[in-house]
Amino acid sequence: MKRCLILLSFVICQYSLCGVSAQSWVKKAAKSVFTLKTFDASGTLLASGNGVFVGEQGEAVSNYEPFRGASRAVVIDAAGKEMPVALILGASETYDVAKFLVDAKKTQPLAIAAGKAGEGSAAWLLPYLEAKKAIEGRVSKAETFSGDYAYYTLRMQMPDDGVGLPLLNDEGQLVGLMQKPASAADTVCYAVSALFADSLKIQGLSINDAALRAINIKKALPDDVSQAVLTLFVAAQTYDSLAYAGLLDDFILKFPDEQEGYITRAKFAANANRYADADADIAQALKVGQKKDEVHYSYANMIYMKALYQPEPPYEPWTLDRALDEAKAAYADNPLPVYQQQQAYVLYAQQKYAEASSIYDAICQSSLRSPDLFFEASRCKLMQQDTTAYLALLDSTVAQFSRPYLKEAAPYILARAQARLDAKLFRDATSDLNDYEQLMATLVNDGFYYLRFQAEQGGRLFQQALNDIAKAIEMNPQQEVYYAEKASLEVRVGLYDQAEQTAQECVRQWPEYSDGHLFLGLARCLKGQKQEGVKSLQRARELGDEQADALIEKYGK
């Protein structure tokens with residue numbers, strides 16, 4: 001009996017020590033707990049929640065749900081002080097936690113436990129403004145998620161408004177945030193790792209995260225500058241101009257010595273026709289930037305694009321000469337072939353084709369060597385009317401690809417086909433067009449078949465030409481010139497009956513189209529039906545076809 005009394009006394013003592021231990025830190029810890037209130041765009045109260053400070057500069061964590069649809073939020077600390085939420089730092093809809101920054105000079109944080117709370121260990125739920133009512137429970141399960149974070153199952157009676165309240169260990173360290181229970185009367189509760197909540201952060205692609213997009217409060221930029229730059233890139237495609245302008249200002253405020261922010265804001269200003277503002281940002285980028293060649297390059301490109309594609313409204317300082325100077329400055333700072341290419345672009349726009357060609361001759365042998373580069377060089381030769389060099393450079397363009405060709409080669413092959421056709425290299429042009437068709441079989445149209453018809457006809461590949469003009473008519477039966485071309489070739493190869501049928505169809509559909517009557521008359525005359533043929537030729541003459549006169553004279557006798 002005496003032994004039982006001693007054991008009972010020991011248990012009571014241990015329980016009392018546990019309570020004393022909790023009370024020794026609970027008063028201080030209570031100063032870190034706050035209530036959260038969120039509001040919609042009209043200022044109407046949207047939801048309430050709880051949370052806790054985890055940093056001295058206003059960093060805090062709470063449950064996520066109150067932030068859904070919120071345009072403004074405030075926290076009220078244990079002293080009754082109200083502080084606005086300035087920035088969202090991260091969010092997880094799955095685990096109903098959010099991290100954010102309040103506008104405060106100094107806040108009292110709770111220290112976060114470095115490790116997990118073990119199964120069977122004591123845990124304390126700390127209510128807002130009720131330090132004396134700290135609720136003790138036991139960790140019955142600690143499941144691991146997302147690497148090494150814990151999701152706790154606890155034996156504890158949670159108050160009705162307990163979601164987002166802190167869960168602490170016996171040392172008063174924060175181990176978790178309370179989650180919504182299955183029911184109000186349930187004595188089984190859940191908490192998500194405080195380390196996980198504190199780890200939440202914004203990344204470059206977080207701008208597309210559904211949980212963050214559901215919050216209308218301003219989001220923080222990533223701390224890593226490369227991720228922040230990625231955010232700017234994504235936001236340019238998704239933000240409206242006002243929101244994007246604010247984001248650019250935030251970037252520069254956060255990273256005042258990063259040239260990328262000034263360059264990006266300069267581009268934004270130029271697109272809005274605020275060229276003086278763009279100049280100011282470029283000047284600042286050159287002042288703070290470590291890679292001044294990139295600043296000169298971006299500036300040259302801005303000026304070039306405006307001069308070429310948006311001359312109105314005019315801005316006198318931005319000329320092609322200025323763009324060339326900036327491109328040269330970039331190359332002087334860092335002699336990269338791409339900066340030479342930029343000079344060539346500007347010279348081409350200035351119609352200084354010989355100077356541009358000289359640059360292309362050099363960079364076509366550089367590390368920049370590519371199909372695009374050879375093609376650009378070929379355009380310079382075309383503008384100089386150097387057909388031989390033009391075709392040679394197109395050959396070099398296509399030679400950058402190997403057989404079997406991929407679709408990337410298709411536009412260059414088509415360009416060479418057209419050049420060969422213009423140079424009367426008909427069979428070579430046909431070969432290119434055959435390659436093009438094989439690559440783009442599902443995209444070729446009647447215009448393609450008409451083009452190849454012309455090449456095949458010039459190369460005396462008459463059957464292939466007839467097949468292609470028939471295909472063109474099949475794809476676009478409303479193009480009268482196709483019928484006339486088909487009838488013309490049928491006459492040429494002695495298919496007079498087919499030529500007559502083709503021309504008749506042309507006349508039926510377009511009775512005022514002279515070529516239809518011309519080839520109908522010619523086909524009939526060649527068949528020996530001169531009287532009917534001459535009538536058709538006379539009709540062609542009436543419609544203004546000058547070729548008809550010679551044919552009437554020949555067959556009308």
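Guide: Helices (H or I, at least four residues) and strands (E, at least two) are DSSP runs, numbered from the N terminus. This is a predicted model, in which local features need pLDDT of at least 70 and side-chain atom pairs count only at pLDDT 80 or more, while totals for chains, interfaces and linings use all residues. Residues are numbered from 1 along each chain as its sequence is written, and side-chain values use heavy atoms, with hydrogens and water left out.

I will follow the chain from its earlier part. Proline 222 sits in the loop between helix 3 (210-213) and helix 4 (225-238). With a relative accessible area of 2%, proline 222 is buried (buried is under 20% relative accessible area, exposed over 50% and partly exposed in between, with a 1.4 Å probe and protein chains only). Residues up to four places away in sequence aside, proline 222 touches Ile202, Gln203, Gly204, Gln227, Ala228, Thr231, Lys254 and Phe255 (contact is heavy atoms within 4.5 Å). Leucine 205 is 17 residues away from proline 222 along the chain, and their C-alpha atoms are separated by 9.8 Å.

Helix 6 (residues 259-271) and helix 7 (residues 275-288) form the next pair to examine: their axes come within 8 Å and cross at roughly 170° (axes are lines fitted to C-alpha atoms, for helices over the stretch in contact, and angles run from 0 to 180 degrees between N-to-C directions). That angle makes helix 6 roughly antiparallel to helix 7 (under 35 degrees is roughly parallel, over 145 roughly antiparallel, 65 to 115 roughly perpendicular and the rest oblique). On the side of helix 6, the contact is made by Gln259, Tyr262, Ile263, Arg265, Ala266, Ala269 and Ala270, while helix 7 contributes Tyr275, Asp277, Ala278, Asp281, Ile282, Gln284, Ala285 and Val288.

Further along, glutamate 312 and proline 313 are joined by a cis peptide bond with omega of about -5°, and proline 313 belongs to the loop between helix 8 and helix 9. The 13 residues of helix 10 (residues 337-349) should span 18 Å at 1.5 Å a residue, and the 19 Å between its end C-alpha atoms agrees with that (the expected span is 1.5 Å times one less than the number of residues). Glutamine 351, which follows helix 10, has a positive phi near 65°.

A cis peptide bond is also found from arginine 403 to proline 404, where omega is near -5°; proline 404 is placed in the loop between helix 13 (387-399) and helix 14. In the loop between helix 14 and helix 15 lies lysine 424, whose phi is positive, about 65°, although this residue is not a glycine. Lysine 424 counts as exposed, at 60% relative accessibility. By contrast, aspartate 432, a residue of helix 15, is buried with a relative accessible area of 2%. Apart from neighbours within four places in sequence, aspartate 432 is in contact with Ile413, Arg416, Ala417 and Arg420.

Helix 16 (residues 446-458) reaches 18 Å from its first C-alpha to its last, close to the 18 Å expected for its 13 residues at 1.5 Å a residue. Ten of those 13 residues are buried, so that helix 16 is mostly covered; the buried ones are Asp446, Phe448, Tyr449, Tyr450, Leu451, Arg452, Phe453, Ala455, Glu456 and Gln457. Among the elements that cover them are helix 14 (410-422), helix 15 (426-439), helix 17 (462-475) and helix 18 (480-492). Just after helix 16, arginine 460 has a positive phi of about 60°.

Helix 17 and helix 18 in turn pack at an angle of about 160°, with their axes 9 Å apart, and this makes helix 17 roughly antiparallel to helix 18. Helix 17 makes the contact through Phe462, Ala465, Leu466, Ile469, Ala470, Ala472 and Ile473, and helix 18 meets them with Tyr482, Tyr483, Glu485, Lys486, Leu489, Glu490 and Arg492.
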